[in-house]
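Hello,

Here is the structure we talked about. My notes follow below it.

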Amino acid sequence: KHVFFSAAAPAGPPSKQFFNIMALKPKFRDGGPSLVRDLPPQLRLVLLIILFNSYKYFTLATALSLFATNEYGLSDIEAGRLYGLWGLMHAIWGFAGSFLIDCFGIRRVAITATTLGVLSRGVLVFSHSVGMMRLVLVGLGPLAEGICDPLYMVAIKKLTRRRIRAFAFATQYAFLNLGGAIGNNLTDLLRGRTWHMPWGEEWSGLRFVLFTTWLAADVCWLLAWFVRDPKPRGPAVWSPGLEANAFNQPASAGFVAIFHPSPESSPASSPRYSPASPVASTDNDCKLSLLVEEWPAATAGPPPEPPSPSTQASSPRGEAAAPQPRGARATLSWLKDEASAYLVGGGFARAVLLTTAVLCVSMQWKYMDTLLPKFAERAFGTSCPWGTIYSINSWMCVLCPPLISAMTPGHRVDDFALIIPGLWIMALSPICIYLSVSEAATAGWIFLLSVGEVLWSPRSQSFIASLAPVGKEGAFLALAGVPMFFSQYPAGVISGWLLDTFCPTCPSLRNDSCERDPSWRANPGSMWLWVALTSAASPILVTGLMGYFRRGKLAGGGVEDEED
């Protein structure tokens, strides 16, 4: 027996659909594989890498600002700028990594990124120089982590079909946050003491926490060697004769590889492959443009050899062919062709606009990293378990997305029936701290933020990924995420300004005595009201543009529309 949640698609606008979702009831069905069993083995391995990599990333993100201030004496504004630069470089290298995935595949990118991750995190942990810390955080560290980040969404897109894709993204989201939850709880357990290392050094609790992230980077590197790229789909196979020639032609010869169907497949059995119909390669889109041609099975001998550069120089009528563009003209022509592939159907514009619209509310994730640790220690003392409070978000994101995804399948419940209510809940959640500056109110903020996040974030990721053209998922997702570049550095700078203005360092330079220091001039409640008001811009924008987001069909086509 397997449980499948299904019901008729709720009718009406998304606001009405959201409440109608409560009426969905589980429907039991005999036979049929479960969603978990449908996940490919390679995807399960990728999820395991996500677990350790997210522990490494989230632990550094939450400890970075406090580590820079307590370990090296950086001010709030300096630490905020450093965090902003780290996030900006992380986003830039994530953009580059998306193109690398399309060109070199998931396996090569995974091995390269995890190798660099071991080196960069080791330098950060074992070096005690502020200069080396700055160099790693704006150089090798973001390069390693940023290149690896797009791997997850691209791997899910390539390894799943539409029926289980929403569940796969929700599971990825859960594993991503499971690593963060473990990191948050371990941070509270490890940061409160001094650690005597076997080689004679004394490390602070935060440095030892970062040491555990270096161990996690080692595990990611080992697992990356078992990753394999998904096999190409389709009945077409290489002609042995052409395979020998295809990779021996000079790059400047303008060689076009010729495919033909396998001998046991006839044109009638392969209706998708019409004569002379261009298709995209699933493995090396950046290297070869493939042309499929029917080759009669009764014809003796191999297919004709590809035309040489000399025969290409003239047309069938004996006239000289138009010269092929070279240099800058060829590059511009290629860029034009690539851009037109993304703009077909309007999917790319919708993805970019949605990413831009949610920037304001997405910055709350950055504020959790930069504002929460320092705010908690200054307002409530160093004994405040801010790591445990932070972990409320991570644990909810572990448990809730798969359940919500199973109860609200993507083919039955409109994405924006969850996205819009989730954005509103998350945007207004900081008002809890404005009403009462207390540890309980802070935990309430994290709880409400998490409720909103698990509603809108996984569905927005799935919606954007579904718009990606087949074979160009990495580049599409990277280009669609360009607006995130503009939020990385400002988030760090704004965080430093908010702390310096509303919740500054104690005059006695002892954060555990701020609340008892009469000379401490702070208004932390106003800081969180400012966060709530600026976050509200996102649900307003998405609600106003919802009609445009839901317009048209999926741009990806191909695999996501296929049934098992």
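Patches are made of residues with over 30% relative accessible area and no salt bridge; like charges are joined within 9 Å, and nonpolar side chains (Val, Leu, Ile, Met, Phe, Trp, Tyr) within 5 Å. Accessible areas come from the Shrake-Rupley method with a 1.4 Å probe, and for residues only the protein chains shown count as cover. A salt bridge puts a side-chain nitrogen of Lys or Arg within 4 Å of a carboxyl oxygen of Asp or Glu.

This is a predicted model: local features need pLDDT of at least 70, side-chain atom pairs count only at pLDDT 80 or more, and totals for chains, interfaces and linings use all residues. Numbering runs from 1 along each chain as its sequence is written, and side-chain values use heavy atoms, without hydrogens and water.

Confidence: mean pLDDT (the predictor's confidence in each residue, 0 to 100) is 74, and 68% of residues reach 70 or more. Residues 235–303 fall below 50.

Surface: Trp 221, Leu 222, Trp 225 and Phe 226 make a nonpolar patch of about 430 Å². Phe 226 is exposed (over 50% relative accessible area; buried is under 20%, partly exposed in between; 1.4 Å probe, protein chains only), at 56%.

Salt bridges: the count is eight. Glu 145 pairs with Lys 56 at 3.5 Å, N to O. Both are buried. Lys 56, Arg 121 and Glu 145 form a salt-bridge network. Glu 71 meets Arg 207, with the closest N and O atoms 3.2 Å apart. Glu 71 is partly exposed, at 28%; Arg 207 is buried, at 1%.

Best wishes

Methods:
Contact means heavy atoms within 4.5 Å.
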